[in-house]
Amino acid sequence: MKNFKLTLLAIILLMGYNSYSQWGFGAQAGLNFTRLGFSDAPQDVKDLIKSRTTFTLGGFTTYSLTDNIDVKGALMYSGKGTKFDASEGDDPYIKINYITIPIHAMYKYQIGYDEMYVTGFLGPYLGVALNAKSTNADILANISRGDFGFDFGAGFQYEKYTASLSYSLGLANINMDDGSSVKNRAFTITIGYIIKNDNY
């Protein structure tokens, strides 16, 4: 009898939980301001490192756990890499393009009118390099194709429209050659559109 009551209570709680939980999906795109962190490089080399501006685009899905907490996963095409300051001519560069899968826990705080929120989020990401080039060569064979790290950021949502600013801290050393540890860094600005959400 005790087990039956516990089972019944679990079913009731699960039904209440599932009655709220809601799915959504959409698309987003934006700009990446990226650079590579060379932890063991001499200071004169570090002084030459510049940000590279590139783009990111893809789709996302959200799962609402409560009124204020969502889990958001995405599949993104993201450009990363860096530039180096050159005294003459074009700046040398390293360009690496990834497929990334970020998974974020997101807190939403309603402000003003209905369906207007400020958001904060954080979570890990995984990445797979599709191609990698330096100024004069293909360097895909010289880097680790796998990447992982941690994202955190803040944003704004109004009805089906979203905007966010985030920072990605790469934790994986992508340099397969002997020498400096190299890790991805990126500031990202995105705008998005929620194609479907059970709230709308």
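Contact here means heavy atoms within 4.5 Å. In this predicted model, Ile174 touches Leu36, Ile96, Tyr98, Asn142, Ile143, Ser144, Gly146, Asp147, Val182 and Asn184, with residues up to four places away in sequence left out of the count.

**Nonpolar core**

Ile174 is also among the residues with the most contacts inside the largest nonpolar core, together with Leu36, Phe38, Ile94 and Ile96. This core has 14 residues. At least two residues of the core come from each of S1, S5 and S6. The largest share, three residues, is supplied by S5.

**Cavity**

The model has one cavity of 30 Å³ or more. The volume of the largest cavity is about 540 Å³. Its lining is made up of 34 residues, and those closest to its centre are Gln28, Lys72, His104, Ser164 and Thr190. Strands that give two or more residues to this lining include S1 (22–38), S5 (93–110), S6 (116–134), S7 (146–158) and S9 (182–197). S3, S4 (69–84) and S8 are also on that list. From S4 comes the largest share of the lining, seven residues. The lining is divided by residue class as follows.

| Class in the lining of the largest cavity | Residues |
|---|---|
| Nonpolar | eleven residues |
| Polar | 18 residues |

**Gly58**

Gly58 lies in strand S3, which spans residues 52–64. Is Gly58 buried, partly exposed or exposed? Gly58 counts as partly exposed because its relative accessibility is 21%, and buried means under 20%. Beyond neighbours within four places in sequence, Gly58 is in contact with Ala27, Gln28, Leu75 and Met76. Of these partners, Gln28 is one of the residues closest to the centre of the largest cavity. Gly30 is 28 residues from Gly58 along the chain, and their C-alpha atoms are separated by 9.5 Å.

**Confidence**

The protein has a mean pLDDT of 86, and 86% of its residues reach 70 or more. Confidence is highest in strand S8 (residues 161–170), with a mean of 97, and lowest in helix H1 (residues 2–20), with a mean of 46. Residues 3–20 have pLDDT below 50, and this stretch has seven contacts in the model beyond near neighbours in sequence. Where pLDDT is low, predicted coordinates should not be read in detail.

Terms used. Residues numbered from 1 in each chain as written. Predicted model: local features only at pLDDT ≥ 70, side-chain atom pairs only at ≥ 80, totals over all residues. Heavy atoms only, no water. Helix = DSSP H or I, 4+ residues; strand = E, 2+ residues; numbered from the N terminus. Buried < 20%, exposed > 50% of the residue type's maximum accessible area, 1.4 Å probe, protein only. pLDDT = per-residue confidence, 0-100. 1 Å grid on protein atoms, 1.4 Å probe; cavity = no way out; pocket = protein on both sides within 12 Å on 5 of 7 lines; lining within 4 Å. Points joined across faces, edges and corners; volume = space filled by probe spheres on them. Nonpolar A, V, L, I, M, F, W, Y, C, P; charged D, E, K, R; others polar. Core = buried A, V, L, I, M, F, W, Y, C linked by side-chain atoms within 4.5 Å.
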